[in-house]
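User: I would like to learn how to read the features of a structure one at a time, beginning with the overall layout and ending with single residues. Could you take me through this one?

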Amino acid sequence: MRKIHLLLLLLALLAKPTIAQNKQERFNRDYATAISLIKSNDFDGAVKILKRLYLQKPENTDILYNLGNSYLNTSDGPDSAIIYFEKALQHLPIENYNTLYGIDLHLALGKSYQLTNNPEKVAGLESAGVTV
């Protein structure tokens with residue numbers, strides 16, 4: 001009986017990395033599907049997948065950026081996009097602010113502010129060195 005318990009414990013310990021690996025593989029597959037939907041202009045479909053991924057990794061700037069970008073192209077529009085672009089900026093490492101990614105993120109946020117008729121926020125970005 002003791003051998004059976006040890007065998008079951010060993011199997012459980014060996015299966016744990018496989019479960020984590022499968023979870024990461026599914027995450028990567030779902031993310032690739034969302035990006036594919038964005039490329040085919042199915043922004044509503046991308047939002048559904050990205051929101052689920054966001055719940056798993058709420059500090060992932062790629063997910064946040066793509067959620068904002070997708071919302072910018074849906075009927076929910078710039079109001080929803082602003083939320084995710086701002087969160088992405090909060091989690092963007094300072095050394096990435098002046099990279100193409102950081103600049104694109106700032107410009108997308110500025111566009112969202114313009115579309116929501118929020119000139120004060122646009123001016124705030126411009127005073128930080130981002131020309132919208």
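Analyst: What follows moves from the overall layout to helix packing, then to the core and a few residues. This is a predicted model, in which local features need pLDDT of at least 70 and side-chain atom pairs count only at pLDDT 80 or more, whereas totals for chains, interfaces and linings use all residues. Residues are numbered from 1 along each chain as its sequence is written, and side-chain values use heavy atoms, with hydrogens and water left out.

User: How many helices and strands are there in the protein chain?

Analyst: Helices (H or I, at least four residues) and strands (E, at least two) are taken as DSSP runs and numbered from the N terminus. Here there are six helices and zero strands, and the pattern along the sequence reads α-α-α-α-α-α. Of the 132 residues in the protein chain, 34% are buried, where buried means under 20% relative accessible area, exposed over 50% and partly exposed in between, with a 1.4 Å probe and protein chains only. Among the contacts (heavy atoms within 4.5 Å) with a separation of 6 or more, 42% join residues 24 or more positions apart.

User: How should I read the packing of two helices, and at what angle do α2 and α3 cross?

Analyst: Two packed helices are described by the angle between their axes and by the distance between those axes. Axes are lines fitted to C-alpha atoms, for helices over the stretch in contact, and angles run from 0 to 180 degrees between N-to-C directions. The axes of α2 (residues 43–56) and α3 (residues 61–72) come within 9 Å and cross at roughly 150 degrees, which means that α2 is roughly antiparallel to α3. The cut-offs are under 35 degrees for roughly parallel, over 145 for roughly antiparallel, 65 to 115 for roughly perpendicular, and oblique for the rest. The crossing of α2 and α3 is left-handed, a term used if the near helix is turned anticlockwise from the far one by less than a right angle, with clockwise giving right-handed.

User: Which residues of α2 and α3 make the contact?

Analyst: On the α2 side they are F43, A46, V47, L50, K51, L53 and Y54, and on the α3 side I63, L64, N66, L67, S70 and Y71. By class, this contact of α2 with α3 holds 10 nonpolar, two polar and one charged residues; here Ala, Val, Leu, Ile, Met, Phe, Trp, Tyr, Cys and Pro count as nonpolar, Asp, Glu, Lys and Arg as charged, and the others, Gly among them, as polar.

User: How do α3 and α4 cross, and what can be said of α4 and α5?

Analyst: The axes of α3 and α4 come within 7 Å and cross at roughly 165 degrees, and the two helices are therefore roughly antiparallel to each other, with a left-handed crossing. The contact of α3 with α4 has 10 nonpolar, six polar and one charged residues. For α4 and α5, the axes lie 9 Å apart at an angle of about 150 degrees, so α4 is roughly antiparallel to α5, and this crossing is left-handed. Residues in the contact include F85 and L89 of α4 and L105 and S112 of α5.

User: How is a nonpolar core defined, and which helix gives the most to the largest one?

Analyst: A nonpolar core is a set of buried Ala, Val, Leu, Ile, Met, Phe, Trp, Tyr and Cys residues joined through side-chain atoms within 4.5 Å. The largest has 29 residues, and those with the most contacts inside it are L50, I63, L67, F85 and L105. Helices α1 (2–39), α2, α3, α4 and α5 (100–115) each supply at least two residues, while α2 gives the most, with seven. Leaving out residues up to four places away in sequence, L67 touches V47, L50, K51, Y54 and Y84.

User: Is S112 buried or exposed, and what should I note about N41?

Analyst: S112, in helix α5, is buried, with a relative accessible area of 0%; not counting residues up to four places away in sequence, S112 touches L72, P78, A81, I82 and F85. As for backbone angles, most residues other than glycine have a negative phi. N41, in the loop between α1 and α2, has a positive phi near 65 degrees, and N41 counts as exposed at 56% relative accessibility.
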